Amino acid sequence: MMYGTRKSDRSIVPTRSANTASSMVESAEGRGRTKGNEVEQNASRTQGRNHGALSALDRVREKARQDKEAKFTALLHHVSIDRLRKAYFELKRDASAGVDGVTWRQYGEHLEGNLEELHARLHRGAYRAKPSRRVYIPKATGGLRPLGIASLEDKVVQRAVVEVMNAIYETDFLGFSYGFRPGRGQHDALDALAVGLGTKRVSWVLDADVRGFFDAIDHEWLLRFLGHRIADRRLLRLVQKWLRAGVLEEGRRQVGRVGSPQGATVSPLLANIYLHYAYDLWVHQWRKRHACGDVVVVRYADDAVVGFEHEEDARRFLVDLRERLGRFKLELHPDKTKLVRFRGPNRSEASVATVSHEPRSFCFLGFEHWWGKKGNGRYDVIRRTEPRRMRASLKAVKRQLVRRRHDPVPEQGRWLARMLRGYFAYYAVPTNWRTIGRFRTEVIRLWRRQLRQRSQRTVLNWKRMNRLSLRWLPPARTQHPWPGKRFRAKTRGGSPVR
């Protein structure tokens, strides 16, 4: 049930830009629309309080899909009290508080009054963004990742604005872009990559990673990119407020002309918009104009993989890519960006088995990929858990078991079962069953070691330990279908990688 009141939505006023956004702007490639996925009005036969807002946003989406040069001059009024309330309830209940110290439950004690006051400040221009609180979390591959924790009101407004902006940009983004998009996830990107590498003539793979991307986003370029589709000055000023709010670290506020805090609700969308113009449109045109053979592209946030049929195309692309990103104040990470020979040009067993010291594998989204033989004797893309991530996961399990050493065995077993189910939900893909089996075995070893350290009199042989593991821990089984099967089911024959 929705509470509060909502002002009537104004009509959408799209206008044609005098200067087109880009000559390269095209409709989302591949991944053709399927029956049931076409934009539909959310209007129902019975009127509801959220009916006007939803149908109005659908009109924005339809106009953006039909006219790739349209600019939208009236968007902020779509950020209604209903949409702010919806954004509030979509937030994590137990998330850390920002610099204001307000938690989700505290804000909800007077929710309707808070939302009405927030809505009023937004539309009269009195809303002020607060700096994000800087925290660091360990990376799975080592080191620390900086995150920015926004205040609760900033989270609410950002989530509502993202919903409005997605109505425009989801019609613009290309098919090979997967990161932080509605209805797309990491396994969709992994499936698309596996199908592309397995069905196209790909012999070389460029694994490209932008150095410190979220901290390197240039505000001036970003606002210029937003101006290609958004002419609502109030909405653009709102984005500027978030960019200029900066971060608060050790009591000191840091403000600059570059960067968008990683962890902020709006940052993933802004990152996708930035890379859409700086990378996606360019690479789509590059492979049409310059490539001599097949080219496969998959991008997830700032991590991109490009497959090439010819080595000459791959090396030329790498040079051109560095120059292209440099124009937009970005650079490739020297250690994480590499060009590898993925397989022989003729796909023959002899070419794959050729003795070479060149690397033949690359890592993407937590999996190591290489060209190898499956159980049926055929060659295909083989995926296994990235070794560094597996070691990091085992270290985390060990730390938790030390903390829970003296908890009752059933409580430990239930926690380990939840952890393993979550791990298998991501990593239990075909061709990776041996690796997830080893992970489960190592978890059992760690559990046994901690149980034996509870007391010097404990007698815990492997026979008893195996009974405990069979009782509490789920088996290591493949939980995902083969990439091609799921890929064809989702795309209905369309290809987001070509």
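**Exercise 1. How many bridges join β11 to strand β12?**

Four bridges join β11 to β12 (residues 367-373), and the two run antiparallel. This is a predicted model: local features need pLDDT of at least 70, side-chain atom pairs count only at pLDDT 80 or more, and totals for chains, interfaces and linings use all residues. Residues are numbered from 1 along each chain as its sequence is written, and side-chain values use heavy atoms, with hydrogens and water left out.

Step 1. Strands (E, at least two residues) and helices (H or I, at least four) are DSSP runs, numbered from the N terminus. Two strands pair if DSSP finds at least two bridges between them.

Step 2. Find a bridge. Phe364 has Phe367 of β12 as its bridge partner.

Step 3. Three strands form an open sheet in the order β11-β12-β13, with antiparallel pairing. β11 (361-364) and β13 (379-385) are the edge strands, each pairing on one side only. Neighbouring strands here are turned by 35° against each other on average, direction ignored. Axes are lines fitted to C-alpha atoms, for helices over the stretch in contact, and angles run from 0 to 180 degrees between N-to-C directions.

**Exercise 2. Compare the two pairings of β3.**

Step 1. Take β6. Two bridges join β3 (residues 132-138) to β6 (residues 247-249), and the strands run parallel. Ser132 has Val247 as its bridge partner in β6.

Step 2. Take β4. Six bridges join β3 to β4 (residues 144-149), and these run antiparallel. Pro138 stands opposite Leu144 in β4.

**Exercise 3. Which residues of α13 are buried?**

Step 1. Check the length. The 17 residues of α13 (residues 387-403) should span 24 Å, and the end C-alpha atoms are 25 Å apart, which agrees. The expected span is 1.5 Å times one less than the number of residues.

Step 2. List the buried residues. Met390, Leu394, Val397 and Leu401 are buried in α13. They cover an arc of only 60° around the axis, which puts them on the same side of α13. The arc is that of the directions from the helix axis to the C-beta atoms. Buried means under 20% relative accessible area, exposed over 50%, partly exposed in between (1.4 Å probe, protein chains only).

Step 3. Look at the other face. Turned away from the buried side, α13 carries exposed Lys395, Arg399 and Arg403.

Step 4. Name the cover. It includes β13, α14 (409-427) and α15 (433-452).

Methods:
Contact means heavy atoms within 4.5 Å.
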